[in-house]
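Reader: Could you take me through this model, from the overall chain down to single residues?

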Amino acid sequence: MPKLDEQIKTLAGYFAADCEPDGKLTLQLEVEHFLTRSDGQPPAFADVQAALRDLQQQTDAPIITDGEYFGYSGPALTATLGPACQLRISLAALRDVQDIMDLYNRFYLQLGLALAAHGLRAWTAGCHPTCHAEDLPLVPRTRDEAMDAYLREKGACSVQMMRATAATRVSIDYQDETDFVRKMRAASLLTPFFALLSDNAPVYQASRNSSYCIRTRLWQDVDRDRCGVTPHLMDADFGYARYAENVLTKPQITALRLGRVRAAGGKIAPELYAGHVSRQETAQILSNFFYDVRLKSRIELRAADSMPPRYIAAYVQLVKSVFGSPAALQNVLRHYAGATTLDITSAKLAVCKDGYNALVYGRPVSGELAWLLMQARSRTPSQEERALLDPFMQLLTTRKTIRETENYNE
């Protein structure tokens, strides 16, 4: 298919152009928050819009989609609303974890005050803390309405995923194609551990929860075409072109039409776009896929639940320590040499079922977490940075999850 071949070549070129050859790792933090009224009920869309307008500074640009205000974008951070009024905070890419957390914590304080003025509050949790997913209305946005209609036909958990889950995501850069492959594989192999360390759903479907890694489990039954482990990840020829082929040959949920997002009717990219896809069209294609580790302009790690700030700091530091050290990265790949995409999926399901009693890659998960945290600590020369890992060390020592340790994350 000549058009497909040209699209693969074009996307691979974009991926190559996005690499950061200097090798100095930067991290981009994104945290989703549930918003409710003070009584725990779903907020009015107009009240959330008003609170975000109060937070917006003069130098920030409003985000208008389908004629509605959805947040703003500034030099330091972007605040925008998710499908059911989850508030997504995306920070500028930085190298220092404490700088990242200082920026996040300053905003979180301002957010609490702005929300309170409108009778609202924010929550950090992996699943909605007060409501059934079915009771949460979607925002008036074409992309979300199209996705909702499409995914309902694909998996049993799409309604819960879209409306009642929230994540902590960290995006990292890559030096070249070889480094891209290494980091994609290592991040995917570590996904089960990230899921358990960040497990933070004290409530699920409005009831007290005692199950592990609910959000991870929900994502397993959304859409096999675009979720889970990246296809062909462990194949010898995996790289830019193979990733491009993955996303170009699977059905698109939405597509750009005359600069606006429209439902794609399940067509694949060669049926929707010209051979030479633009950067804007490429971004739209990539946004239709939700692999555990996916590529946008950076490699995005998607496994972690939304968490309280000290655990966010531990997670960002863990990612920095492992992925900022070529030696640690190589140790991960060597430690799990021979693991397949099926092994990764099985490891995820094991932590969902058994938590700290799980066997992952044929070994007890507690021992593997201890090994991983040791790798991170040994590659972190600063005492202050090593201290950021302490909340995860405490979870491992007590064999408890965040949801068992924190008091509803209030």
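This is a predicted model: local features need pLDDT of at least 70, side-chain atom pairs count only at pLDDT 80 or more; totals for chains, interfaces and linings use all residues.

Author: Residues are numbered from 1 along each chain as its sequence is written, and side-chain values use heavy atoms, with hydrogens and water left out.

Reader: What is the radius of gyration of the protein chain, and how does it stand against the globule rule?

Author: The chain has 17 helices and 17 strands, where helices (H or I, at least four residues) and strands (E, at least two) are DSSP runs numbered from the N terminus. For 410 residues the globule rule gives 22 Å, and the chain's value is close to this, so the chain is as compact as a globular protein of that length. The radius is taken over C-alpha atoms, and the rule is 2.2 Å times the number of residues to the power 0.38. The radius of gyration of the protein chain is 20 Å.

Reader: Is helix 11 roughly parallel or roughly perpendicular to helix 14?

Author: Helix 11 (residues 309–323) and helix 14 (residues 365–378) pack with their axes 8 Å apart and at an angle of about 75°, the axes being lines fitted to C-alpha atoms over the stretch in contact, with angles running from 0 to 180 degrees between N-to-C directions. Angles under 35 degrees count as roughly parallel, over 145 as roughly antiparallel, 65 to 115 as roughly perpendicular and the rest as oblique. Helix 11 is therefore, relative to helix 14, roughly perpendicular.

Reader: With which side chain does the side chain of Arg242 make a polar contact?

Author: Arg242 sits in helix 8 (residues 240–248) and is buried, with a relative accessible area of 18%; buried means under 20%, exposed over 50% and partly exposed in between, using a 1.4 Å probe and protein chains only. A polar contact is a pair of N or O atoms within 3.5 Å; within protein, one must be able to donate a hydrogen and the other to accept it, and residues adjacent in sequence count only if both atoms are side-chain atoms. At 3.1 Å, the partner of the Arg242 side chain is the side chain of His232.

Reader: Is Gln205 buried or exposed?

Author: Gln205 lies in the loop between strand 8 (203–204) and strand 9 (207–208), and has a positive phi of about 50° although it is not a glycine. With a relative accessible area of 17%, Gln205 is buried.
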